[in-house]
Amino acid sequence: MGLPGPTPRWFFGNFIELFTHSRHSAACLADWTKEYGKIYGYFIGHTPIICVSDPDLLQEIFISKFSHFHSRRPLPLQQHDLRHLLASTDDEWRRQRSIIQPTFSPHKLKEVRTIIDQCITELIEKLDQQKPNVEFDISYLLKRTSMNIILNGAFGINPNTHEKLSETFFQRCLQVFELNIFQTTLTICSMLLPELNFLWIACFKYTNIFRLWLCDHIPFMNRFINTDPHTWLLYHVESIIKQRCLHGIQRIDLLQSMIDVTDVFHNTSSPSKLSKYHLNLDELLNNIYLFMIGGFETTATALSYLAFILATHQNEQARLQDEIDHVYDDYEQLIKLDYLDWFIRETLRLYPIAPFIVNRQCNKKCRIGQFKIEEGTNFAVDMFSIHYDENLYGPVSPLKFYPERFQEKRHPLAWLPFGVGPRNCVGMRFAMLEIKLALVRILRRYTILSGERTLSQFAEHERFVIAPKNGIWIRLQRRSSQIR
Ligand code: HEM
């Protein structure tokens, strides 16, 4: 296509530079943008990818020509269960999305707010147990809270009454993001030789089935073999759904909202035979599983970055506390607070969590700008270059934490932590509600302070999401004028 870009190596393309970058692969894309401009090409193995950081071009791909770009690039080792998240036919994706979207409507979220609030009360109780002014890593507690919220708000599993089950869910969800050597090897093979995906996927799948079989038949093997977390989670999510449907249990949570739109009698029918307004059981299972793995680590990581920013920006924290203190228990008003909203946006601008999932694949030949785009062409977004662009975020330097910059209207494609367009993050409202409620409750009771390790331990690493590597070390100081 005549695009500039880093010189690819034989067989590997630019894979080695991308995945051995000193910070993370998203930073590598930003380095290349500096060298080659806002549109360039790179290769993973022999798969060409066009990387874009021009917001007008992105607007065309993600919004105005969305019907030509509704798919995402398949994940390495992508199996059937993740089809909905990544790439599916236009009709299938559209049908499912239109059924799922109302699950996250303001009305439904209002119903699950009490559950979220309960889990945050438990977090506050744990924070109360920390020694005042002694440094500790808050990221673990935030992960637990985020998991409890998903388990309780999505599945109705109360971590207090089902302590053991929720602990196992938590450990299994953590494992989803930890690739072992076998999985890493197959993932690399799948990226470099996607034509042989049937082989890598079969190898992965049958090894997991064999491991499960071994653990099932020879319980002793459980000591040595860890079964695949995806398989375990899918199996347990299915049994929770079946129990609900069989016993006609009604609850107020996301799962209930989705069961209400599921045709439980069409478990095996193909989606095309289903009504426009119903999911089948398999689709319900895959979606609820996606909520769990898509919503847990991301929201916990966002809260961790917020804790880091609060600890290192005392003036901005004081302004936020001031804003929060003036609104009492009116949650409608709390979630509409301007500075709170800007504060979260600014944190996610500086630390976007899942830049790599925001990509698109062309599914119908078209023209974008001066380029003729063939079906199957892959587009990546260089989110860091956009988020740190002076023209999009000036005049105050984009390197500075400055929430007020969101007072001004910015380019609609300038802020991308939740993606953009019709296929953006379906759980964004849920995540924002959770983050806002948690921040409000914490900041009413405490001031977050930095300690010796706050800056020295801060480092990012990439494991599907970009998260703090060594946790977030902070101190808490109880406020004297706390409201509750
Ligand atoms: C701070 C928290 C979160 C972040 C940063 C985040 C980020 C993202 C991003 C970047 C995408 C891809 C969007 C695109 O391609 O344009 C996405 C998709 C998705 N997210 Fe989230 N997410 C978060 C929380 C959640 C939560 C809480 C849930 C569910 C309860 C969720 C469920 C999903 C699902 C199902 C998709 C796929 C949507 C589709 O393909 O139609 N996410 N998320």
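Is Arg349 buried or exposed? Arg349 is buried, with a relative accessible area of 0%; buried means under 20% relative accessible area, exposed over 50%, and partly exposed in between (1.4 Å probe, protein chains only). This is a predicted model, in which local features need pLDDT of at least 70 and side-chain atom pairs count only at pLDDT 80 or more, while totals for chains, interfaces and linings use all residues. Residues are numbered from 1 along each chain as its sequence is written, and side-chain values use heavy atoms, with hydrogens and water left out.

**Salt bridges**

- The structure holds 15 salt bridges, a salt bridge being a side-chain nitrogen of Lys or Arg within 4 Å of a carboxyl oxygen of Asp or Glu.
- Arg349 pairs with Glu346 in one of them, with 2.8 Å between the closest N and O atoms.
- Glu346 is also buried, at 0% relative accessible area.
- Arg349 and Glu346 are about one helical turn apart because they are 3 residues apart in helix H16; helices (H or I, at least four residues) and strands (E, at least two) are DSSP runs, numbered from the N terminus.
- Arg23 and Glu460 also meet through their side chains in a salt bridge (3.1 Å, N to O).
- That pair links distant parts of the chain, 437 residues apart: Arg23 is in the loop between H1 and helix H2 (25–36), and Glu460 is in strand S9 (residues 460–463).
- Arg23 counts as partly exposed at 38% relative accessibility, whereas Glu460 counts as buried at 15%.
- Arg9 forms a salt bridge with Glu17, where the closest N and O atoms are 3.7 Å apart.
- A network of salt bridges links Asp128, Arg445 and Arg478.

**The second largest pocket**

- The second largest pocket holds about 360 Å³ of space. On a 1 Å grid over the protein atoms alone, a pocket is an open set of points with protein on both sides within 12 Å along at least five of seven lines, and lining residues have an atom within 4 Å of a point. Grid points are joined across faces, edges and corners, and the volume is the space filled by probe spheres set on the points.
- Its lining has 15 residues, and Pro106, Leu109, Ile335, Arg429 and Leu433 lie nearest the centre.
- Helix H6 (106–128), helix H16 (338–350) and helix H19 (428–445) each give two or more residues to this lining, and H19 gives the most, with 5 residues.
- By class, the lining has 7 nonpolar, no polar and 8 charged residues. Ala, Val, Leu, Ile, Met, Phe, Trp, Tyr, Cys and Pro count as nonpolar, Asp, Glu, Lys and Arg as charged, and the others, Gly among them, as polar.

**Backbone points**

- Most residues other than glycine have a negative phi, and most peptide bonds are trans.
- Phe11, in the segment before H1, is not a glycine but has a positive phi of about 70°.
- Phe11 counts as partly exposed at 33% relative accessibility.
- Asn133 is not a glycine either, and has a positive phi of about 65°.
- Asn133 lies in the loop between H6 and strand S3 (136–137) and is partly exposed, at 38% relative accessible area.
- Gly394 and Pro395 are joined by a cis peptide bond, with omega about 0°.
- Pro395 is in the loop between helix H18 (390–393) and H19.

Key. 1 Å grid on protein atoms, 1.4 Å probe; cavity = no way out; pocket = protein on both sides within 12 Å on 5 of 7 lines; lining within 4 Å.
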